[in-house]
Amino acid sequence: MTQHTKGRSGAVWALVITSVASFMAALDNLVVTTALPSIRESLGGELPELEWTVNAYTLTFAVLLMLGASLGDRFGRRRLFVVGLSIFTGASAAAALSPAINELIAFRAIQGVGAAIMMPLTLTLLTAAVPPARRGAALGLFSAVTGLAVACGPLVGGTLTEHLSWQWIFWLNVPIGLVLLPLARLRLAESHAPDSRLDIPGTLLVSGGLFGIVYGLVNANSDGWTDPTVLSALIAGGVLLGGFIHHGFRARNPMLPMRLFRNRAFFGINTASLLMFFGMFGSIFLLSQYFQGVLGYSPTEAGLRMLPWTGMPMLVAPVAGLLADRFGGRPVVVTGLALQAAGLGLFALALAPDASYASQLPGLMVGGVGMALYFAPAASLVMSSVRPGEQGIASGANNALREVGGALGVAVLATAFSSQGGYDSPQTFTDGTVLAVWIGAAVVALAALVALMIPGRRGTLVQEAEQAEARVPVSA
């Protein structure tokens, strides 16, 4: 076998292994939502406990993402990927066997720990295995699978719960994880970041800061934004993140060097990602309930009717990756975000207690194409905006910002929904959803404007040369 063939085979295996692992981790963000009534009937628990079956995963996932990336850089990315996958698979089995709601919440939190270690390393391992000329297409396929998982979580959860049992939303991960574990050890190449050191102060600051922010956000809707615990968590989290930013400027070897944000590509794609997930997560959270609570669809029926939106990444993202290779990432990302905002706006115009499915299709399809165009080149832009030794932490930072954006979107859009409507009748639910979706559309439109900051292909080359010069004193 020639070296070229070996390299090609390694790239294919890396794409398959990292995409499937990413699918599992992303799926578990929302897979529980449509299973909550069955979980309550089986295990008991009041509304706060049911909310925490979703939030416990989001919390540990967001808080530990950057630590997971840093550990992989220091001790070996493949090794830590296998550790994270093992934790995630074991916790999935334990969640399926949970005898009570509190145990389920605990195992969901452990699932999030495994996902936080595994998820940022998927991009790093894939980027290292694929030659630059084919990287856009590979990351497009990877992003298509990840985007499909995020969007189809409610459909998968509803279908498994409706036709089997809620435990199967967790059992599904176990055989997949058991197959991936030996494949990862045999087929993925090990890599480390050069001169990587664990940044203990930075780890404590960012983990505590993200914990406070995400904890406050996930409790704001149920407890109120003025609740003392919520306010204390948000303020403390903000102070700690401020300390982390200061640390990133002043420390000798910080976990996340703040100089990276001087790079317009890194700053632009990360800010746009946060805003995109704000609008998308908040809208999916409400629209999936609109299909069921207002239009009367079952969880499976609702998920199927959202497929023109949620399934589009699987079809369009690979093509979008090729377009990004040909024309650069910025025009594809900007176009995708603009279409996603337009799709949400069209859907808001069509919302009504008796809306026909035909009236919803234009918004679903336009939004789906836009989401696919965003997902494909976004990962490539993140990874190409930093040097290879910084790709692990760049991936962790991007994933953490997206998770925080999603939590913020759900909290803010749910508050907007409550201010204008409620669950009293189909009309009041529709009224609240219309306002929330318009806000989501505006935030995604803002993301499109921010993405214009990303340099074009020629500007990227100039910026890379400037970065190379700037790195000389840093490494000295």
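Reader: Start with Ser-92. Buried or exposed?

Author: Ser-92 is buried, because its relative accessible area is 0%, and the cut-off for buried is under 20%. Keep in mind that this is a predicted model.

Reader: Which helix does Ser-92 lie in?

Author: Helix 4, which covers residues 77-96.

Reader: Which backbone oxygen lies 2.8 Å from a polar atom of its side chain?

Author: That of Phe-88.

Reader: And what does Ser-92 touch, not counting residues up to four places away in sequence?

Author: Gln-111, Phe-170, Asn-173 and Val-174.

Reader: Now Leu-141. Where does it lie?

Author: Leu-141 is in helix 6, residues 132-163.

Reader: How does Leu-141 count in terms of accessibility, and why?

Author: Leu-141 counts as partly exposed because its relative accessibility is 36%. Partly exposed sits between the 20% limit for buried and the 50% limit for exposed.

Reader: How far is its C-alpha atom from that of Ser-19?

Author: 8.0 Å separates the two C-alpha atoms, though Leu-141 and Ser-19 are 122 residues apart along the chain.

Reader: Zoom out. What does the secondary structure of the chain come to?

Author: 19 helices and zero strands.

Reader: How many of the residues count as buried?

Author: 56% of the 476 residues in the chain.

Reader: And the contacts between residues at least 6 apart in sequence: what share joins residues at least 24 apart?

Author: 83% of them.

Reader: On to the largest nonpolar core. Which residues touch the most other members?

Author: Met-66, Phe-81, Leu-256, Met-280, Trp-309 and Leu-337, out of 131 residues in that core. Helix 11, residues 264-294, gives the most to this core, with 16 residues.

Reader: Take Leu-337. What is it in contact with, leaving aside neighbours within four places in sequence?

Author: Leu-337 contacts Ala-272, Met-276, Gly-370 and Tyr-374, and also Val-444, Ala-447, Ala-448 and Ala-451. Another core, of seven residues, lies apart from the largest one. Its members include Val-316, Ala-320, Val-332 and Leu-373.

Reader: Surface next. What is the accessible surface of the chain?

Author: About 18,700 Å². Carbon and sulfur atoms account for 66% of that.

Reader: Which residues make the nonpolar surface patch of about 370 Å²?

Author: Phe-75, Leu-198, Ile-200 and Leu-204.

Reader: Where is Ile-200 placed?

Author: In helix 9, which runs over residues 200-223.

Definitions and conventions. Residues numbered from 1 in each chain as written. Predicted model: local features only at pLDDT ≥ 70, side-chain atom pairs only at ≥ 80, totals over all residues. Heavy atoms only, no water. Helix = DSSP H or I, 4+ residues; strand = E, 2+ residues; numbered from the N terminus. Buried < 20%, exposed > 50% of the residue type's maximum accessible area, 1.4 Å probe, protein only. Polar contact = N/O pair within 3.5 Å; in protein donor to acceptor, adjacent residues only side chain to side chain. Contact = heavy atoms within 4.5 Å. Core = buried A, V, L, I, M, F, W, Y, C linked by side-chain atoms within 4.5 Å. Patch = residues over 30% accessible without salt bridge, like charges linked within 9 Å, V, L, I, M, F, W, Y side chains within 5 Å. Areas by Shrake-Rupley, 256 points an atom, 1.4 Å probe, with all protein chains shown as cover. Salt bridge = Lys/Arg side-chain N within 4 Å of Asp/Glu carboxyl O.
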